[in-house]
Amino acid sequence: ALDGGWRVYSSGAGIALGLIVRRFLGVSPEAGALRIDPVIPAALDGLSVATTLLDRPVELRYRIKACGSGVNQVTLNGTALQFDCEANPHRRGAALVPMATVLQQLRADGNVLGIDIG
């Protein structure tokens, strides 16, 4: 599990953990959307991480192809989620999943967020 009780905004370890979740794992809840934009090397294909999303337990499961960035598909509990892509001049931008869609699919327990990139 990731959060470990650290406050993301108040300590060096918490700040580092926040950067890992938001930048490396690429999962960042925002006001109207869940922003998904991981950059992970293909050598970590199959990576699975237990964490929380919107105060609910979730397992992040990654399928990573050669380039290691650019979201191809997002699923939540087996349901494919529609998303828009954020503009990015250097590579495919972040997937933006409407927060209402995420909240509809999240359960109290046993959530799996599948992220296919590359």
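Which residue takes a positive phi just after helix α1? In this predicted model, the residue in that position is Gly-26, with a positive phi of about 75°.

**View A. Length of helix α1, residues 12–24.** Helix α1 comprises 13 residues, which at 1.5 Å a residue should span 18 Å. The end C-alpha atoms of α1 lie 17 Å apart, in agreement with that expectation.

**View B. Buried and exposed residues of helix α1.** Gly-14, Leu-17, Gly-18 and Val-21 are the buried residues of α1, each with under 20% relative accessible area. Viewed down the helix axis, these buried residues fall within an arc of 100°, and therefore line one face of α1. An α-helix has 3.6 residues a turn, so residues three or four places apart point the same way. Strand β1 (27–29) is included in what covers the buried residues of α1. Gly-12 and Arg-23, on the other side of the helix, are exposed.

**View C. Pairing of strands β5 and β9.** Strand β5, residues 71–76, pairs with strand β9, residues 111–117, in the antiparallel sense. Five bridges join β5 and β9. Gln-73 has Asp-116 of β9 as its bridge partner.

**View D. The hairpin of strands β5 and β6.** Strand β5 also pairs with strand β6, residues 79–80, in the antiparallel sense over two bridges. Thr-79 of β6 is the bridge partner of Leu-76. Two residues stand between the strands of this hairpin, in which Asn-77 takes a positive phi near 55°.

Terms used
Residues numbered from 1 in each chain as written. Predicted model: local features only at pLDDT ≥ 70, side-chain atom pairs only at ≥ 80, totals over all residues. Heavy atoms only, no water. Pairing = 2+ DSSP bridges. Helix = DSSP H or I, 4+ residues; strand = E, 2+ residues; numbered from the N terminus. Expected span 1.5 Å × (residues − 1). Buried < 20%, exposed > 50% of the residue type's maximum accessible area, 1.4 Å probe, protein only. Arc of directions from axis to C-beta. Contact = heavy atoms within 4.5 Å.
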